[in-house]
Amino acid sequence: FPNHEANPLKFETLADLITMIKSKKLDGGIAFDGDGDRAFLIDETGEVLTGGVMSAMLSEYFLKLHPGSNIVYDIR
């Protein structure tokens with residue numbers, strides 16, 4: 001991370017990724033923190049997706065694999 005702090009919670013650190021997504025018309029991107037234990041998804045428009053949206057996407061995926069299962073999450 002020579003260009004900025006490795007903190008995806010500070011949205012200004014996502015500017016380069018968002019620019020690349022838009023300029024290359026990519027489907028999206030993932031921004032990890034320095035040790036890889038946190039991540040943010042950015043959609044094709046450059047919008048940062050919240051943790052709640054990421055949880056909903058993962059829940060939908062896993063419920064298709066395991067119908068009727070429970071989803072446990074942290075509402076923070």
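Which element gives the most to the lining of the largest pocket? It is α2, with four residues.

This is a predicted model, in which local features need pLDDT of at least 70, side-chain atom pairs count only at pLDDT 80 or more, and totals for chains, interfaces and linings use all residues. Residues are numbered from 1 along each chain as its sequence is written, and side-chain values use heavy atoms, with hydrogens and water left out.

**Fold and confidence**

Two helices and three strands make up the secondary structure of the chain, in the order α-β-β-β-α along the sequence. The radius of gyration, taken over C-alpha atoms, is 14 Å, well over the 11 Å that the globule rule gives for 76 residues, so the chain is more spread out than a compact globule. That rule is 2.2 Å times the number of residues to the power 0.38. The C-alpha trace spans about 45 × 25 × 15 Å along its principal axes. Helices (H or I, at least four residues) and strands (E, at least two) are DSSP runs, numbered from the N terminus.

Buried residues (under 20% relative accessible area, with a 1.4 Å probe and protein chains only) come to 22% of the 76 in the chain. Of the contacts (heavy atoms within 4.5 Å) with a separation of 6 or more, 28% join residues 24 or more positions apart.

The predictor's confidence in each residue, pLDDT, runs from 0 to 100. Its mean over the chain is 89, and 97% of the residues reach 70 or more.

| Element | Mean pLDDT |
|---|---|
| α1 (residues 15–23) | 95, the highest |
| α2 | 91, the lowest |

**The largest pocket**

A pocket is an open set of points on a 1 Å grid over the protein atoms alone, where a 1.4 Å probe fits, with protein on both sides within 12 Å along at least five of seven lines; lining residues have an atom within 4 Å of a point. The largest one holds about 190 Å³ of space. Its lining consists of Leu-9, Arg-38, Ala-39, Phe-40, Gly-51, Met-54, Ser-55 and Leu-58. Both β2 (39–43) and α2 (51–65) give two or more residues to this lining. By class, five of the lining residues are nonpolar, two polar and one charged.

**Thr-45**

Thr-45 sits in the loop between β2 and β3 (48–49). Its relative accessibility is 46%, so Thr-45 counts as partly exposed, a class that lies between buried and exposed (over 50%). A distance of 9.8 Å separates the C-alpha atoms of Thr-45 and Thr-19, which are 26 residues apart along the chain.

Note on methods. Grid points are joined across faces, edges and corners, and a volume is the space filled by probe spheres set on the points. Ala, Val, Leu, Ile, Met, Phe, Trp, Tyr, Cys and Pro count as nonpolar, Asp, Glu, Lys and Arg as charged, and the others, Gly among them, as polar.
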